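Notebook open, structure loaded. I'm jotting down what I look up as I go.

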Amino acid sequence: MTTTPPSPVARSAFAAVDLGATSGRVILGRVGPDQLDLTEAHRFPNTPVRLPDGLRWDVLALFQGVLDGLREAARTGGVGSIGVDSWAVDYGLLDADGALLGSPHHYRDTRTDGVAERVWATVGPEELYRITGLQHLPFNTVFQLASAAGSAQLGAARTLLLVPDLLVHWLTGSVGAEETNASTTGLFDARTGGWSEDVLEALGIDPALLPPLRAPGDPAGTLLPHVAAYTGLDPRTPVTTVASHDTASAVVAVPATEPDFAYISCGTWSLAGLELDAPVLTEASRAANFTNERGIDGTIRHLRNIMGMWLFEECRRTWEQQGLPTHIPTLLAEAARATPFASLVDPDAPAFMAPGDMPGRIREYCRRTGQPVPDGQGALVRCILESLALAHRRTLRQAAELAGRDLTRVHLVGGGSRNDLLCQLTADATGLPVVAGPTEATALGNILVQARSAGLVGDLASMRRLVAATQHLRHYRPRGDAAAWDAADARLDGHTGG
């Protein structure tokens, strides 16, 4: 009698491929009724490359890092499934043979400068928001495509795949577009949950360029033979569609056990907002530049992007080049001792968007706005973190007003949750208790969606209860002078966007 070996999906270890702006990693998760454990199998750098035609992602090196990570994961034992998440908006183009047409452009490339105005001449900003519900960011996919109009590359393209969908395609050979990431493109209808025929037609974008949509939890395929051979994984190993926009995965792992919570997914960007049942497509929401992106199970992430720890990390990169100290605990200790509210900046000011000499640009901002110029690293870090806490405060208060919600607490997840000073300042600024953690929210959300597809966890509320019960969380209560935060907020009004 011949017995069929068990399918790998029956095993309880899941591999999360999680790509960030500066690094990628493959993380293994084991899931059980009272278990949610993570182990990092492999980490690799994500280093953009500047070419004559602009800043590009080295997506081939990223894919090699993914393969190496999956090979390391295979050496640790069985892998039941694989899921891929990354940042949003950027894409690769495939020709009629399925070959990649050049490396994807980086969203920080300047090719979209001034493009939004050209798009708005065809589809006005009010109409675009009414359809897509998307926050205006100059690098949204719709503007990237408009900047590429008439190019030989776009003319030869037959398929557009967002970065995580491109990697899933290379792992499995299948083609699809995961909906949480698709909702960040400016080509997606926030009400219908599908590609917007109106936007595509108005902008002359061929609908055939966009693949069919997939929902988190849908099967994406199994490993191609050469991928299985290289990694040592069972060729039947499924690749499961997860919430492939990293913020959507992070929100899955917000350990909320009661309603009326806000969240901040804090890393290179701070994504601050609420989880809703329906999009908020009002003119007030558009004017406040809030986005309505898909979460899992039909939820809406009503949030705004804030330039998060990017300012801090860019300062550290400059200081490293200058031979100055970059040890994070030391910098935070100096910042804690620095004078409160000495200088404040708008983290989203255009001057802070591009890489390079962030300390100099912050000092110039303060000089230009008539504030004391931060003297020393501690004062500069204090300026960044207080400014970011004020941005968190403003954004969450606006989100609550726009959605008609009363907030009871803030869940701060992601890398920023390790920053005690930022967490306390956020509690002080918002006047709300802050629950910090988990740090690895994106990987946890990725793995939980895979585990649910395998029948190991239940609904979204069950996932969150499991996170709350198994992960290390820290709690911060508001303290200090609320009036001082009010005054600082009013002061910042005088030079927002400078």
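Is T132 buried or exposed? I get 3% relative accessibility, so T132 counts as buried (buried is under 20% relative accessible area, exposed over 50%, partly exposed in between, with a 1.4 Å probe and protein chains only).

Ground rules before I go on. This is a predicted model, where local features need pLDDT of at least 70 and side-chain atom pairs count only at pLDDT 80 or more, while totals for chains, interfaces and linings use all residues. Residues are numbered from 1 along each chain as its sequence is written, and side-chain values use heavy atoms, with hydrogens and water left out.

**Entry: T132 and its helix**

I placed T132 in helix α3, residues 125-132 (helices are DSSP runs of H or I with at least four residues, strands are runs of E with at least two, and both are numbered from the N terminus). A polar atom of the T132 side chain lies 2.8 Å from the backbone oxygen of L128. I then listed contacts (heavy atoms within 4.5 Å), leaving aside neighbours within four places in sequence: T132 touches G186, F188, A190, V199 and N292.

Which residues of α3 are buried? I found L128, Y129, I131 and T132. They cover an arc of only 165° around the axis, which puts them on the same side of α3 (the arc is taken from the directions from the helix axis to the C-beta atoms). The buried residues of α3 pack against α2 (115-120), α4 (141-147), α8 (197-203), α11 (283-287) and β15 (291-294). Just after α3, I noted a positive phi of about 65° at G133.

**Entry: W87**

W87 sits in the loop between β6 (81-85) and β7 (91-94). With a relative accessible area of 7%, W87 is buried. Its side chain makes a polar contact with the side chain of D90 at 3.1 Å (a polar contact is a pair of N or O atoms within 3.5 Å; within protein, one must be able to donate a hydrogen and the other to accept it, and residues adjacent in sequence count only if both atoms are side-chain atoms). Beyond four places in sequence, the contacts of W87 include W57, Y107, P164 and H245. I checked P164 too: W87 and P164 are 77 residues apart in sequence, yet 8.2 Å apart in space, C-alpha to C-alpha.

**Entry: rings**

How many aromatic pairs turn up in the whole structure? My search gives 10 (Phe, Tyr and Trp rings, the six-membered one for Trp, pair if their centres lie within 6.5 Å; planes under 30 degrees apart are stacked, over 60 edge-to-face, the rest tilted). The W120 and F143 rings have centres 6.4 Å apart and planes at 85°, so this pair is edge-to-face. W120 is in helix α2 and F143 in helix α4, so the pair ties together parts 23 residues apart in sequence. I have W120 as partly exposed at 27% relative accessibility, whereas F143 is buried at 2%. Ring pairs also link W57, W87, Y107, F139 and W269 into a cluster.

**Entry: cores**

The largest nonpolar core has 130 residues (a core is a set of buried Ala, Val, Leu, Ile, Met, Phe, Trp, Tyr and Cys residues joined through side-chain atoms within 4.5 Å). Helix α15, residues 377-403, gives the most to this core, with 12 residues. I also logged a second, separate core of 23 residues, which includes L101, A116, L209 and L210.
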